[in-house]
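Please examine the sequence and the structure before reading on.

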Amino acid sequence: MSVTPAPAMSLLDQRASTRVQRSYPVKAMILAGVLALQTVYFTGVISSDDMSYLAPALDARDGLMTFPVDVKAYDCHCFARVVYWKMVQVVMTLLPASPWAMGLPSMLASFVSLLLIYRIAATLWDRTTGLVAMALGGVVPLSICNASVSVPDPVAGAFAWMGVCLIVTSLLSGRAEKLMPWWKGVLAGALIAAGYNAKEVVA
């Protein structure tokens, strides 16, 4: 039985594959540089708002929260941002003796956002544009500050970027006449809604 050989990769495809491989170390260097900046300027718990987010997280962790929830026991706007303080709850469960860990959800979310920014820019334009956008987004002073503070903004932004990225990549992949699968639209909406429930003014 004869085996049909796989078609040889064209020169254009080879160059594209090489560019993809070369972008990985550049992305790693950008993330490492951003991590260094965020570590140097790590702030952690700095304001009364942080304590408002911590209260429902700790009560949920310790089984002290009853349902229906008495929202009067918490700062209402902090409790309503359930996606964020649920993430704080997970972190404080894993690192109960480390108050600084409250800043970890924001830091992780900032890295997710940078990768999504790269993906969107690379899809709309090219990988070089994606790397530049990723680098610029990572060194903005406000982004560095918010990534090390226990605030919901980076988490909300990450979920919103996920929804936007899913829509952009779905619409630009495949044939132009082919509609985006309905479930991707629903998932994108759910991700943006999750961002809204982390902080409404961001998503």
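With which residue does Arg61 form a salt bridge? The partner of Arg61 is Asp62, and their closest N and O atoms lie 2.9 Å apart. The model discussed here is predicted.

**Salt bridges**

Side chains of opposite charge can pair when their charged atoms come close. A search of the whole structure finds 2 salt bridges. Besides the pair formed by Arg61 and Asp62, the side chains of Asp153 and Lys199 meet in a salt bridge, with an N to O distance of 3.0 Å. This pair links distant parts of the chain, 46 residues apart: Asp153 belongs to helix α8 (residues 153-172), whereas Lys199 lies in the segment after α9 (182-196).

The table gives the relative accessibility of each partner.

| Residue | Relative accessibility | Class |
|---|---|---|
| Arg61 | 28% | partly exposed |
| Asp62 | 43% | partly exposed |
| Asp153 | 22% | partly exposed |
| Lys199 | 16% | buried |

Why does Lys199 count as buried? Lys199 has a relative accessibility of 16%, and buried means under 20%; therefore Lys199 falls into that class.

**A nonpolar surface patch**

Leu37, Val40, Tyr41 and Val139 form a nonpolar patch on the surface. Together these residues have about 390 Å² of accessible area. One of them, Val40, is found in helix α1 (residues 11-40). Val40 has a relative accessible area of 63%; because exposed means over 50%, Val40 is classed as exposed.

Methods: Residues are numbered from 1 along each chain as its sequence is written. This is a predicted model: local features need pLDDT of at least 70, side-chain atom pairs count only at pLDDT 80 or more; totals for chains, interfaces and linings use all residues. Side-chain values use heavy atoms; hydrogens and water are left out. Patches are made of residues with over 30% relative accessible area and no salt bridge: like charges are joined within 9 Å, nonpolar side chains (Val, Leu, Ile, Met, Phe, Trp, Tyr) within 5 Å. Accessible areas come from the Shrake-Rupley method with a 1.4 Å probe; for residues, only the protein chains shown count as cover. A salt bridge is a side-chain nitrogen of Lys or Arg within 4 Å of a carboxyl oxygen of Asp or Glu. Helices (H or I, at least four residues) and strands (E, at least two) are DSSP runs, numbered from the N terminus. Buried means under 20% relative accessible area, exposed over 50%, partly exposed in between (1.4 Å probe, protein chains only).
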